[in-house]
Amino acid sequence: MRVLLIGANGYLGRFVADRLLADPAVQLTALGRGDDADVRFDLATGSPGALTRFLDAVHPGVVINCAGATRGGARELTRHNTVAVATVCEALRRSGCGARLVQIGCSAEYGPSQPGSCTAEDAVPRPGGPYGVSKLAATELVLGSGLDAVVLRVFSPAGPGTPAGSPLGRLAEAMRRAMQSGDGELKLGGLGAQRDFVDVRDVARAVHAASLSAAQGVINIGSGRAVRLRDAAAVLARVAGYGGALNELDGPPGGHLRPTIGHPRSEPDHPAPVPYPYPDGCGSWQQADVRTARDRLGWRPRISLEESLADIWMEAACRI
């Protein structure tokens, strides 16, 4: 099976590439903006015609799109998350390869959920910020493309390679600094939110399964369990062997931004207005209903959050 992987150097893309390369039946080609890609192509600026010519030459059976941006203004997010996907869809429609498309979506497309609820794929999306809006627009483009396509809505990925700017990445870095300086007290904020964490290696397994399946539409990829960030912090402290006190700085969500995980203690704590109560626009609670992934992909998460956090800490500890 010939697979074209877009965004192989990203956080999710690296693990998807590893998973595909471990399958002897897969012939993998990586397309991206970096020098180490098999083919250099920028989806945000490249034309559908140019991508079509490449598709016709390589003739993949599956195209997996892991590319995108998680940070930036609305214009940048739209260019990398929406316009780029429009380019992929149009190129596939023009191409004679007939490839299946596996698009990586995200839970931010749903927006905030009712605490205690389990979000299924038929929930009405109400993204709470520009990132979620740009990803939802991409999903709608894929679903309306007429292609053989599936969108995997990934909840909160965790594990090795977790970006330093993510909540768990900032938490590990704050703990590393506290241990390095011998600080017996760690002041953290932003711990009230509850998120559905899923290991990035389990996400890669889901992508692999989706590429082999005939499933279409939207499929949630998560653990099916919401975890409070303060509980994740306690697990990370145990894994790291940090015996200091974890003091929380959270106030009621909304209105003003309190210090978040990893906020330097030396900086003045000036409240600053923020457009959404939570930076990811997902509110205080998110939990995936993952029955569709089980039923249509034969997929279940295997890696525990404690193992994911241990791997995050191992990488952070290497910087001590």
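Hi everyone, and thanks for coming. A word on what we have: this is a predicted model, where local features need pLDDT of at least 70, side-chain atom pairs count only at pLDDT 80 or more, and totals for chains, interfaces and linings use all residues. Residues are numbered from 1 along each chain as its sequence is written, and side-chain values use heavy atoms, with hydrogens and water left out.

Let's begin with the whole protein. Its secondary structure comes to 9 helices and 15 strands; these are DSSP runs numbered from the N terminus, helices being H or I with at least four residues and strands E with at least two. The C-alpha trace spans about 60 × 40 × 40 Å along its principal axes. For 320 residues, a compact globule would have a radius of gyration near 20 Å, and the protein agrees, because its own value is 20 Å. That radius is taken over C-alpha atoms, and the globule rule is 2.2 Å times the number of residues to the power 0.38.

How much of the protein counts as buried? Of the 320 residues, 50% do. Buried means under 20% relative accessible area, exposed means over 50%, and partly exposed lies in between, using a 1.4 Å probe and protein chains only. As for contacts, meaning heavy atoms within 4.5 Å, take those between residues at least 6 apart in sequence: 81% of them join residues at least 24 apart.

Now to the sheet. In which order do its strands run? There are 7 strands in an open sheet, ordered β3-β2-β1-β4-β5-β6-β11, with parallel pairing. β3 and β11 (217-221) stand at the edges with a single partner strand each, so one side of each has no neighbour in the sheet. Two strands pair here if DSSP finds at least two bridges between them. In general, strands of a sheet pair through backbone hydrogen bonds, either parallel or antiparallel.

Let's look at β4 within that order. β1 and β4 pair in the parallel sense over 4 bridges; Leu-4 has Val-63 of β4 as its bridge partner, and Ile-6 has Asn-65 of β4. Another 4 bridges join β4 to β5 (residues 100-106), again running parallel, and there Ile-64 is partnered by Val-102 of β5. Both faces of β4 are covered: Val-62 and Ile-64 on one side, and Val-63 and Asn-65 on the other, are all buried.

Is β11 enclosed or open to the outside? Since 4 of its 5 residues are buried, β11 is largely enclosed by the rest of the structure.

Next, helix α2, residues 48-58. Its buried residues include Gly-49, Leu-51, Phe-54 and Val-58. The buried residues of α2 pack against β1, β2, β3, β4 and α3 (74-94).

Last stop: Gly-165, in the loop between β7 (156-158) and α5 (167-181). Gly-165 counts as partly exposed because its relative accessibility is 28%. Leaving out residues up to four places away in sequence, Gly-165 touches Arg-71 and Arg-170. Gly-182 is 17 residues from Gly-165 in sequence and 23 Å away in space, C-alpha to C-alpha.
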